[in-house]
There are 2 protein chains.
Amino acid sequence: MRKGERTREMIIEKAAELLNRYGYLSSPISAVMQETGLEKGGIYNHFGSKEELAIEAFHHSVNTMKRHFAKAFENKRNSVDRLLAFLEAFGELAENRPLPGGCPIMNVAIESDDAHPVFCIEARQAMDELYNTITKIVSRGIEKSEISQQTDADAVATILISTLEGALMMSKLYKDPVYVSRATDHLKRYIESSLRTA
Amino acid sequence: MRKGERTREMIIEKAAELLNRYGYLSSPISAVMQETGLEKGGIYNHFGSKEELAIEAFHHSVNTMKRHFAKAFENKRNSVDRLLAFLEAFGELAENRPLPGGCPIMNVAIESDDAHPVFCIEARQAMDELYNTITKIVSRGIEKSEISQQTDADAVATILISTLEGALMMSKLYKDPVYVSRATDHLKRYIESSLRTA
């Protein structure tokens with residue numbers, strides 16, 4: 001990797017941590033300057049605009065989260081076990097793992113839904129991937145008779161993601177992991193009682 | 001009401017609609033000037049700072065939502081019916097009722113949790129009220145034997161609020177009410193099967 005590329009990567013990495021906590025759209029470039037120790041020109045040497053940097057930082061955060069989920073799925077072959085692993089891995093966001101500031105997709109969704117069409121599309125694409133991860137697990141589970149035939153994969157994806165995202169918001173608001181653990185307990189019971197085949 | 005007070009009320013009202021959609025913290029004062037047709041001085045004549053105006057606008061939005069819930073509870077005496085009425089009323093936020101831009105509490109929570117301690121306290125106080133509304137309904141329901149004795153009121157409040165807030169985020173992101181209606185269906189089944197006494 002050339003020096004220019006290394007600097008670009010360093011900026012993206014530091015910006016991702018900063019913007020996931022303080023807002024991808026609302027954080028000023030001065031905050032990125034402070035975090036990276038670079039002058040404004042040193043940053044804009046690598047990015048055409050603050051928006052371009054923010055989108056790169058968002059992709060970086062989403063990729064960090066995707067690797068975190070992929071790791072949670074390792075060695076889990078049963079579909080129900082994969083859903084339970086997803087709950088656990090998502091819950092760790094309340095403890096700033098694998099990144100501080102909560103779920104990047106929700107952060108950008110709330111910041112952009114009414115305000116910023118370009119970012120809203122980015123958030124939708126990332127949410128699509130998360131959502132499809134769940135529906136695929138459910139569909140595969142139905143095929144393998146691990147999950148009951150009448151299960152609606154879209155309903156499961158919606159319920160899991162909604163409940164976890166909302167609970168993460170509450171845990172971050174109150175700085176108390178209890179909300180996420182109550183949500184996880186509820187979803188575990190839902191998965192075991194409504195989804196898993198006897 | 002004196003003219004000065006009427007102007008102040010008008011600014012708060014217009015700012016509430018604007019900031020709930022575009023961000024209580026991140027929206028520039030120029031957007032409020034455009035919305036109200038007032039000069040900067042005309043606004044700061046009534047508010048000490050942009051932050052003060054944003055907090056007043058947030059209170060206004062939260063009060064709009066509280067009146068909306070109070071109306072939904074009218075003539076509902078049974079505790080389970082009150083919980084079901086809450087689901088319906090919350091779900092209407094996905095259709096911009098009673099105000100555009102989603103749930104003001106979640107909007108401020110996400111904007112402020114890591115970034116702005118003063119606003120974070122405001123969001124917590126508003127969330128406390130919403131949360132206590134639910135735990136009180138559940139406790140009263142247990143007393144009146146409408147809700148089963150072993151119900152954990154905190155778990156119910158957490159699950160209802162988390163799932164609805166997360167689903168509202170998804171419905172606003174995709175501009176599609178289906179996420180909120182799936183969440184509402186799930187919560188209805190949860191209330192009927194786990195909470196309501198036979």
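Residues are numbered from 1 along each chain as its sequence is written, and chains are lettered from A in the order in which they are written. Because the model is predicted, local features need pLDDT of at least 70 and side-chain atom pairs count only at pLDDT 80 or more, whereas totals for chains, interfaces and linings use all residues; side-chain values use heavy atoms, with hydrogens and water left out.

**Chain A**

The secondary structure of chain A comes to 9 helices and 0 strands, where helices (H or I, at least four residues) and strands (E, at least two) are DSSP runs numbered from the N terminus. The C-alpha atoms of chain A fill a box of roughly 60 × 35 × 30 Å, taken along the principal axes. Of its 198 residues, 53% count as buried, a word that stands for under 20% relative accessible area, with exposed over 50% and partly exposed in between (1.4 Å probe, protein chains only). Contact means heavy atoms within 4.5 Å, and among the contacts in chain A between residues at least 6 apart in sequence, 68% join residues at least 24 apart.

**How the chains meet**

Chain B can be laid on chain A with an RMSD of 0.0 Å by a turn of 180° and a shift of 0.0 Å along the axis, which is the relation of a two-fold axis; the superposition is by least squares on the C-alpha atoms of residues with pLDDT of at least 70 in both copies. The same surface serves both copies, since 100% of the contact residues of chain B recur in chain A.

In this interface, 37 residues of chain B are in contact with 37 residues of chain A. Together the chains bury about 3,700 Å², 66% of it on carbon and sulfur atoms, the buried area being the accessible area (1.4 Å probe) that two parts lose on being put together, summed over both. Ile110(B), Asp114(B) and Leu173(B) supply 18% of the area that chain B buries against chain A, more than any other three residues.

The rule finds 4 salt bridges across the interface, each being a side-chain nitrogen of Lys or Arg within 4 Å of a carboxyl oxygen of Asp or Glu. One of them joins Asp113(B) and Lys172(A), with the closest N and O atoms 4.0 Å apart. Helix α8(B) gives the most to the side of chain B that touches chain A, with 15 residues.

Ile161(A) lies in helix α8 (residues 153-174) of chain A, and Thr158(B) lies in helix α8 of chain B. Ile161(A) is buried, with a relative accessible area of 0%, and Thr158(B) also counts as buried at 0% relative accessibility. Leaving out residues up to four places away in sequence, Ile161(A) touches Met127(A), Leu130(A), Tyr131(A), Ile134(A) and Met170(B), while Thr158(B) touches Met170(A), Tyr179(A), Arg182(A) and Tyr131(B).

| Side chain | Partner | Distance |
|---|---|---|
| Thr158(B) | Arg182(A), side chain | 2.8 Å |

Conventions. Polar contact = N/O pair within 3.5 Å; in protein donor to acceptor, adjacent residues only side chain to side chain.
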